[in-house]
Amino acid sequence: MRTKIILFALTTSFAAASASAEQAPASAVLHVKSKEQIRCELLSDCKPLPATRAWITRTGGIENDRNKISANLASIRDKGPVKVSNGRGKPAQAKITAVRSSDLFINFVTASWDIDDTAFAQATELYAALTPQEWVRHRFEIAGHTDAVGGPAYNDDLSQKRAQAVVDLLVARGVSRSQLVVKGYGFRHPIDGLERTDGRNRRVEIKKLD
């Protein structure tokens, strides 16, 4: 079965949708998130995007305005250590440990976790976003998400298999499997502002764990 892997939207439409399977949104645009944006979101190493690149928003938009891109970069950068009290009235430095993530919006044909050429293109950008040393230094969770069409058990299993498909691509490129954690979240974590049944929730996400 051929796979359609779409960033922030789907181009696939189905003649009929099963009660246990996801449905595609009505319209879509094909995009691959750039290595520059992935690196910015994962490591806060944010640089101006090349002229040929566009910043992709979490809800599926494409932002080509340079001023807005710069504002997005500034808002994503870490703000540095936070001052907290050490109990003796003196400020202390607290290490920021918030999990950083990047939604890749890799989507699949209903009931499938096969990978097509678009997935390889996105995996290439993801792999190139980090240096070989950074892939060894950090651990990452590869998380699969679905929309809320179908039952919890079905979608949990489907999201796990889709996340595993992306892990297999990264391992094939040379990333150590021991650095990658696979997790399927089903439809429990929709994107802020989207209905749980919205097809844009169908995505694969990478999270920096340490």
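A salt bridge is a side-chain nitrogen of Lys or Arg within 4 Å of a carboxyl oxygen of Asp or Glu. In this predicted model, a search of the whole structure finds 12 salt bridges. Side chains of opposite charge can pair when their charged atoms come close. The points below describe several of these contacts and the exposure of the residues that take part.

**The pair D45 and R39**
- A salt bridge joins the side chains of D45 and R39, with a distance of 2.6 Å from N to O.
- R39 counts as buried because its relative accessibility is 19%, and buried means under 20%.
- D45, in contrast, is partly exposed, with a relative accessible area of 25%.

**A pair within helix α5**
- The side chains of D157 and K161 form a salt bridge, at 3.1 Å from N to O.
- Both D157 and K161 belong to helix α5, which covers residues 152-172.
- D157 and K161 are 4 residues apart, which is about one turn of the helix.
- D157 has a relative accessibility of 39% and therefore counts as partly exposed.
- K161 also counts as partly exposed, at 31% relative accessibility.

**The pair R200 and D198**
- R200 and D198 are joined by a salt bridge, in which the closest N and O atoms are 3.0 Å apart.
- The relative accessibility of R200 is 26%, so R200 counts as partly exposed.

**A network of salt bridges**
- Which residues are linked with R53 in a network of salt bridges?
- R53 is linked with E36 and E125 in this network.

Notes. Residues numbered from 1 in each chain as written. Predicted model: local features only at pLDDT ≥ 70, side-chain atom pairs only at ≥ 80, totals over all residues. Heavy atoms only, no water. Buried < 20%, exposed > 50% of the residue type's maximum accessible area, 1.4 Å probe, protein only. Helix = DSSP H or I, 4+ residues; strand = E, 2+ residues; numbered from the N terminus.
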